[in-house]
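Thanks for passing this one along. Here are my notes on its salt bridges, point by point.

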Amino acid sequence: MDISDHHMSDVAIIRPEVHIEVNVKSQSTVKRSEVRTHVLSLLDRHSTVLASYRWTEFDDEFLTRNVESVALADLTGPKLVDLKAHNLCIHIFSLNDDSPSTLALEEEEELSAANHWLLPAAEFHGIWESLIYEEGIKTQLLDYVSTMIFFSDRNVDSNLIAWNRVVLLHGPPGTGKTSLCKGLAQKLSIRLSDRYAHSQFVEINSHSLFSKWFSESGKLVTKMFQKIQELIDDKDALVFVLIDEVESLTAARSAAQAGTEPSDAIRVVNSVLTQLDQIKRHPNVVILTTSNVTEKIDLAFVDRADIKQYIGPPSASAIFHIYLSCLEELMKRHIIYPRQQLLSLEELGTMNFMESDVTRLSLTLRNLAQRSVGLSGRALRKTPFLAHALYGKSSAMTVEVFLKAMERAVDKQRQEQASLVNCV
C-alpha cells in the first residue's frame, strides 16, 4: 500500500500496484525528479519483466552514472509482470554508509543502552530479500505498518479504533526475528520516503538496562526513552524502536510476584510499559519486539501488541529457496564453477518432479532441503560455508560436488544438535 496514493473518488479503476525501488549512488547529487523521469523511460522500454527483476546495468548514461540498481520489489504471483497494467509506485533512495552510533546513558560509565542507525542503512541492505518465510508473513507486516501510518495521517480516533504501534515476533532462536525487524524498518524507510524526510532505527540492549546498580534500572529506562523521545519530536522522522528478547525485561514482573526477583524488577517492567504507552501516542513511531520464550512475556505487554506473529523454523520449500539463493551467490562468485541452471520448485512441479538430465541437480537440492527440515534459519545459512570449509577439496567445485559436501555439512549439524540435546 503506497500511503501517498490514497485518493478518494466516487469511481476509480483500481489497478494493482508494483513497487519499484531505485537505489541512487550515495555520492550522486541529482534531483529525484530527474531520476524518476529516466526510470519511467527505462520501465517503458521494458514493460514486460520477470517478477524479481533487478537492473544493475543500464543503456542510459544518466542511470549508469547515478543509479546502483532498479528493482521490482515484493511481488508474488505470476513470474512475468506487465508493467503497463499496474500502478507504478517508484521509491527513490540512497543508502546511509554510517556505522551505528550508541545512545549512552551515563557519561562516566560506558553503559550503552541502544544502537542507533539512520535508514536506509547500507548495513541492512538486502536483509529483507534474504529472509524466506511462508508466503504472506512479510506482506502482512508491511501492510500493518502502512495502515498504521495511513490511519494516523487521516487522524483516525485511536480511542474508537485501537492500535498500539507494537509488533511482537516470537518463536524459537535462529529463525531471523531480529533480522526481519531490521529488514522491515529498512523496507518501510524506503516505501515511506515521500512521507518522511528520514528514518531512524534504535535497537535497545535489554540486558544493559539491568545495570550493576540494579536499583538504578528503572531510572535508566526512563533516561533511554527520553533520548528516543528526542528523535520522535522531529515530525519529519519515522522512528523504529526494536526491543530484542523482550522477555528479559517483561518476565521480571511474574518472577517478582513469585518472590524470586527483587521488587526493583517490577519497577523496571512498569517503567518500560509506561514509556511504551507514552511514545506509542506519536504517529511517527513503530515499536518492534522479539521473543524466543513466548510463555515468559509479561501478559500486560503481550496485550499491547497489535500483531503477534509466530516465526517458526523454515519449511522444506522455504529451505529449498534459501539453499537456491546460496548456490546462485556461490556460482556468481565462481566458488561453484561452471554455472549450471537450477530449477525452482515451481518449474520442477510443471515436470511432475520426474528425474531427467535437466532436473537431476535440482531434485538433489530438493531432497537436501527435505533432509534439512528442523535446522534453524541461522544453521541453514551456515551450511554452504561449512560444506566448503570442511569438505571442499578445491577452490572451485561443481554444483554436484558441492551438493554432496552440503549433505555432509547438514548431517554434521544434525549430529551436533543431537549431542547438545543429550547433554542437557
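1. Is Arg195 buried, exposed or partly exposed? Arg195 is partly exposed, its relative accessible area being 35% (buried is under 20%, exposed over 50% and partly exposed in between, with a 1.4 Å probe and protein chains only).

2. A word on the basis: this is a predicted model, where local features need pLDDT of at least 70, side-chain atom pairs count only at pLDDT 80 or more, and totals for chains, interfaces and linings use all residues. Residues are numbered from 1 along each chain as its sequence is written, and side-chain values use heavy atoms, leaving out hydrogens and water.

3. The whole structure holds 16 salt bridges (a side-chain nitrogen of Lys or Arg within 4 Å of a carboxyl oxygen of Asp or Glu). One of them joins Arg195 to Asp153, with the closest N and O atoms 2.6 Å apart. This pair links distant parts of the chain, 42 residues apart: Arg195 is in the loop between α5 and β10 (198-204), and Asp153 in helix α4 (residues 137-153). Asp153 is partly exposed at 30%.

4. Asp74 and Lys187 also form a salt bridge, at 3.1 Å from N to O. Asp74 sits in the loop between β4 (67-73) and β5 (80-82) and Lys187 in helix α5 (residues 177-191), so the pair ties together parts 113 residues apart in sequence. Lys187 is buried at 3%, while Asp74 is partly exposed at 35%.

5. Arg65 pairs with Glu61 in a salt bridge, 3.1 Å between the closest N and O atoms. The two are four residues apart in helix α2 (residues 61-66), which puts about one helical turn between them. Glu61 is exposed, at 61% relative accessibility.
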